[in-house]
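Student: I'd like a close look at one strand of this protein and at what surrounds it. Could you walk me through that single part and then show me how it sits in the whole chain?

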Amino acid sequence: MTTHFLFDGFDTAPVTILLAHGAGASMDSPSMTATAKALAATGFQVARFEFHYMAARRYGHRKPPPRAETVNPEYIKAIADLRARGVTGKLIIGGKSMGGRVASMVADEMFAKGEIAGLVCLGYPFHPPGKPEQLRTKHLADLKTPTLIFQGTRDEFGTKDEVATYGLSNAIEMVWLEDGDHDLKPRKAISGFSTGDHLKTVSETIKAKLAHHSASSS
C-alpha cells in the first residue's frame, strides 16, 4: 500500500520536509497543520503522512501506538514513496514527538545513503512524563545526521536542565522555545510569545541551519 501524503507549499520548492505525527494525534491535527503551514510559508514543500495504526483509526480501528522502533520500516517506506511520487531535491525528515523519534532512528541510515539532508524533531520525547529515568536517548549519542531538536521549556518529556545532562551528539543542536509545552505552545500572557511566533522561529531556523547546511555539503 502506497503511503498517503498531505502536501503544503510548492512542489518546486528546493527543500522538502517530511513529517510524521506524534503518538496520539493524527497528521491533520491542529498543531501538525499549523506547523506544516508555517514551514510552507517559509518556502519549504511539506509532506505529512501517518503510520498504519493511526491511519486505521480513520476506519474505526482503535489501535494503541506501537513501540516506536516497530514503525521504523514504515518511515523508510514513506521516504521511498515520496521519491516515487516524483519529489526530488533535498529532503529533511522529522516529526512531532514520536514521529520525530522514529525519524531519528532511521536518519543515519538514510543520511549515509544520501537520501536525506537533515533531521528535525518537534518536541522530542526524551522520557515519558514523570519518568526521567526511562531515557530514549541511546541512539542520539552518536547520531551523525545534522539535526535540530525544537523543545519547549515547559516540555514534561525533557526539560532544559535534564537535556543538558544527556551527552547528545555534536550533530544535534537544541533550540529552546520559551514557555513552550510538548506541542511547542507557549502561554502568551506569561511569555509574550504566541504559537505562531514559535512556529516562525522553527521554520526560519530550519531554513538557516539545515537547508543551507545541506546545500553547501552536497
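Tutor: Both faces of E3 are covered: Gln-45, Ala-47 and Phe-49 are buried on one side, and Val-46 and Arg-48 are buried on the other. Buried here means under 20% relative accessible area, with exposed being over 50% and partly exposed in between, using a 1.4 Å probe and protein chains only. Counted along the strand, five of the five residues of E3 are buried.

A word on what you are looking at: this is a predicted model, in which local features need pLDDT of at least 70, side-chain atom pairs count only at pLDDT 80 or more, and totals for chains, interfaces and linings use all residues. Residues are numbered from 1 along each chain as its sequence is written, and side-chain values use heavy atoms, leaving out hydrogens and water. Helices (H or I, at least four residues) and strands (E, at least two) are DSSP runs, numbered from the N terminus.

Now for the neighbours of E3, which covers residues 45-49. Two strands pair if DSSP finds at least two bridges between them. With E1, strand E3 pairs in the antiparallel sense over three bridges. Within that pairing, Phe-7 has Ala-47 as its bridge partner, and Leu-6 stands opposite Arg-48. With E2, strand E3 runs parallel, and five bridges join the two. There, Thr-16 is partnered by Gln-45.

Stepping back, E3 belongs to an open sheet of seven strands with mixed pairing, in the order E1-E3-E2-E4-E5-E6-E7. Its edge strands are E1 (6-8) and E7 (172-177), each of which pairs on one side only. From one strand to the next, the twist averages 20°. Angles like this run from 0 to 180 degrees between N-to-C directions, and the axes are lines fitted to C-alpha atoms, for helices over the stretch in contact.

Next, the helices. Helix H1 (residues 30-41) lies across E1, E2 (15-20), E3, E4 (90-96) and E5 (118-122), and runs at about 160° to E3. Helix H4 (residues 98-112) also packs on the sheet, where it touches E2, E4 and E5 and makes about 135° with the direction of E4.

Phe-44 is worth a look too, in the loop between H1 and E3. Phe-44 counts as buried because its relative accessibility is 3%. Contact means heavy atoms within 4.5 Å. Leaving aside neighbours within four places in sequence, the contacts of Phe-44 include Asp-8, Val-15, Ile-17, Leu-39, Ser-203 and Ile-206. The C-alpha atom of Phe-44 is separated by 16 Å from that of Ile-79, 35 residues apart along the chain.

Finally, the whole chain. Its secondary structure comes to seven helices and seven strands, following the pattern β-β-α-β-α-α-β-α-β-β-α-β-α-α along the sequence. Buried residues make up 51% of the 218 residues. Among contacts between residues at least 6 apart in sequence, 75% join residues at least 24 apart. The C-alpha trace spans about 45 × 45 × 35 Å along its principal axes. UniProt, in an unreviewed entry, lists residues 15-208 as "domain: KANL3/Tex30 alpha/beta hydrolase-like"; UniProt positions are given in the numbering used here, feature names are shortened, and annotations may be inferred rather than shown by experiment. Over residues 15-208, the chain is 35% helix and 18% strand.
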